[in-house]
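Reader: I have a chain open on my screen and would like to go through it with you. Could you take me through it piece by piece?

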Amino acid sequence: MAYQPIESYGIIGDMHSVALVGMDGSIDWFCFPHFDSPSVFGRILDDRKGGYFQITSARSAHQKQLTGPRRMF
């Protein structure tokens with residue numbers, strides 16, 4: 001796997017830990033249970049040994065990432 005550009009990641013967190021989720025749905029960085037804990041998944045640093053978690057669709061799917069708040073008038 002080629003490394004994804006950093007702008008293709010979103011952040012999911014709970015103020016104690018954080019995960020970086022790629023556009024393809026893979027969790028490539030995750031520290032648990034705190035920010036300064038060792039990483040559980042670290043594919044963002046080493047795509048062969050870093051580990052990741054991914055749930056994918058059996059069929060091809062289109063993904064879209066929204067940036068910033070959207071105003072609905």
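Author: Let us begin with a turn. Strands β2 and β3 form a hairpin with three residues between them, and Gly25 in that turn has a positive phi of about 90°. Please keep in mind that this is a predicted model.

Reader: How many bridges pair β2 with β3, and in which sense?

Author: The pairing is antiparallel and extends over four bridges. Strand β2 covers residues 18-22.

Reader: Is β2 mostly covered or mostly open?

Author: Mostly covered, since five of its five residues are buried.

Reader: Which residues of β2 point which way?

Author: Val18, Leu20 and Gly22 point one way, while Ala19 and Val21 point the other way. In a regular strand the side chains alternate between the two faces of the sheet. In β2, the residues on both sides are buried.

Reader: Where do β4 and β5 attach?

Author: Both pair with β3. Three bridges join β3 to β4, and the two run antiparallel; there, Cys31 has Ser39 as its bridge partner. The pairing of β3 with β5 is antiparallel as well, over two bridges, and Ser26 has Gln54 as its partner in β5.

Reader: I notice Ser37. Where does it sit?

Author: Ser37 lies in the loop between β3 (26-31) and β4 (39-42).

Reader: Is Ser37 buried or exposed, and why?

Author: Ser37 is buried, because its relative accessible area is 14% and the cut-off for buried is under 20%. A polar atom of the Ser37 side chain lies 3.1 Å from the backbone nitrogen of His34. Leaving aside residues up to four places away in sequence, Ser37 touches Cys31 and Phe32.

Reader: Changing topic: what about Tyr52?

Author: Tyr52 is found in the loop between β4 and β5 (53-54).

Reader: What lies over the face of Tyr52?

Author: Arg43 does, at 3.6 Å from the ring centre. Arg43 is also one of the residues that Tyr52 touches, not counting those up to four places away in sequence; the others are Ser26, Ile27, Asp28 and Phe41.

Reader: How far apart in space are Tyr52 and Val21?

Author: The C-alpha to C-alpha distance is 9.8 Å, although Tyr52 and Val21 are 31 residues apart in sequence.

Reader: Finally, which residues do ring pairs link into a cluster?

Author: The cluster consists of Phe30, Phe32, Phe41 and Phe53. The count of aromatic pairs in the chain comes to three.

Methods
Residues numbered from 1 in each chain as written. Predicted model: local features only at pLDDT ≥ 70, side-chain atom pairs only at ≥ 80, totals over all residues. Heavy atoms only, no water. Phe/Tyr/Trp six-rings, centres within 6.5 Å; stacked < 30°, edge-to-face > 60°. Lys NZ or Arg CZ within 6 Å of the ring centre and 35° of its normal. Buried < 20%, exposed > 50% of the residue type's maximum accessible area, 1.4 Å probe, protein only. Polar contact = N/O pair within 3.5 Å; in protein donor to acceptor, adjacent residues only side chain to side chain. Contact = heavy atoms within 4.5 Å. Pairing = 2+ DSSP bridges.
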